[in-house]
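Student: I am new to this structure. Could we go through its aromatic rings together?

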Amino acid sequence: MKQLVVILFFFIVTFISKAQNTRLYDYNSIGWYNTFATIKVKNKISIHAECQVRRVKFITNWQQLLLRSAINYQVNSKTQLRVGYGNIETFNYGKIPINNLGKNFTEHRIFTALTLNDNINKFDVSHRFMLEHRFVGRYNDSAQTKENSFIFLNRIRYLLRCQIALTKNENKTNNLFYIAAYNELFIGLGKNVNENVFDQNRLCGLFGYKLNNKTKFELGYLQQVSQLGREINNRNVFQDNQGLLFNLVFNI
């Protein structure tokens, strides 16, 4: 556990540091407003669905719209497997847009995930490992109004989340306040990855309220540092997006 914390700290310091003047940074204020739902079908099988509305200037302009669905298999109380599909629309935002032509683009994503949960003293700890196969829309020239091809990319993600209750509640089911923090690292894989082998890092702190076993709310601060897949004037380009994160979570 301590080794994982040290490794994550190393990545954060290395990739979020702004001391290197060889990089270009694009700073954006963001607001991510998310709804997650898990619907139990059988004893070990459930359906996952989510909608993430990601905005720039907190709420004014679009950043992304992410729709994702999956099937979960609960191996045991501490281990879950997931396979699913995501549809993501990325919009033209910021001073240095992700698409080099300044256009919106669609991404189709197939993913598998393994989540491990544990308790360490008073902390609830989870590790999520995810593998994504991404089909990202691409334009051949600026005159086109719709993507004419899709580039294939692979990406792995590792998320470490720690949570601790603020209120005493022995069964941890109703009216429970808590705080949580997580860090997620994204690494690009495969022959089509360009500059962004380090794809992005997300660091988040949350204040949560668990109303009951079916509903909880989370509000917090998020920093998203992303590296673009191209250079400008032989300089790597990074987005530093910071702002609000709101989660509404249902378990049905």
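Student: Which residues form one aromatic cluster?
Tutor: This is a predicted model, where local features need pLDDT of at least 70, side-chain atom pairs count only at pLDDT 80 or more, and totals for chains, interfaces and linings use all residues. Residues are numbered from 1 along each chain as its sequence is written, and side-chain values use heavy atoms, leaving out hydrogens and water. Rings of Phe, Tyr and Trp (its six-membered ring) pair if their centres lie within 6.5 Å; planes under 30 degrees apart count as stacked, over 60 as edge-to-face and the rest as tilted. The residues of the cluster are Tyr25, Tyr27, Phe198 and Phe238.

Student: How many aromatic pairs are there in the whole structure?
Tutor: One of them joins tyrosine 25 and tyrosine 27, stacked at 5.9 Å centre to centre with 20° between the planes. A search of the whole structure gives the number of aromatic pairs: 8.

Student: Is tyrosine 25 buried or exposed?
Tutor: Buried means under 20% relative accessible area, exposed over 50%, partly exposed in between (1.4 Å probe, protein chains only). Tyrosine 27, at 49%, is partly exposed. Tyrosine 25 has a relative accessible area of 17%, so it is buried.

Student: Which ring does the charged end of arginine 55 sit over?
Tutor: A charge sits over a ring if NZ of Lys or CZ of Arg is within 6 Å of the ring centre and within 35 degrees of the ring normal. For arginine 55 the distance to the ring centre is 4.6 Å, and the ring belongs to tryptophan 62.
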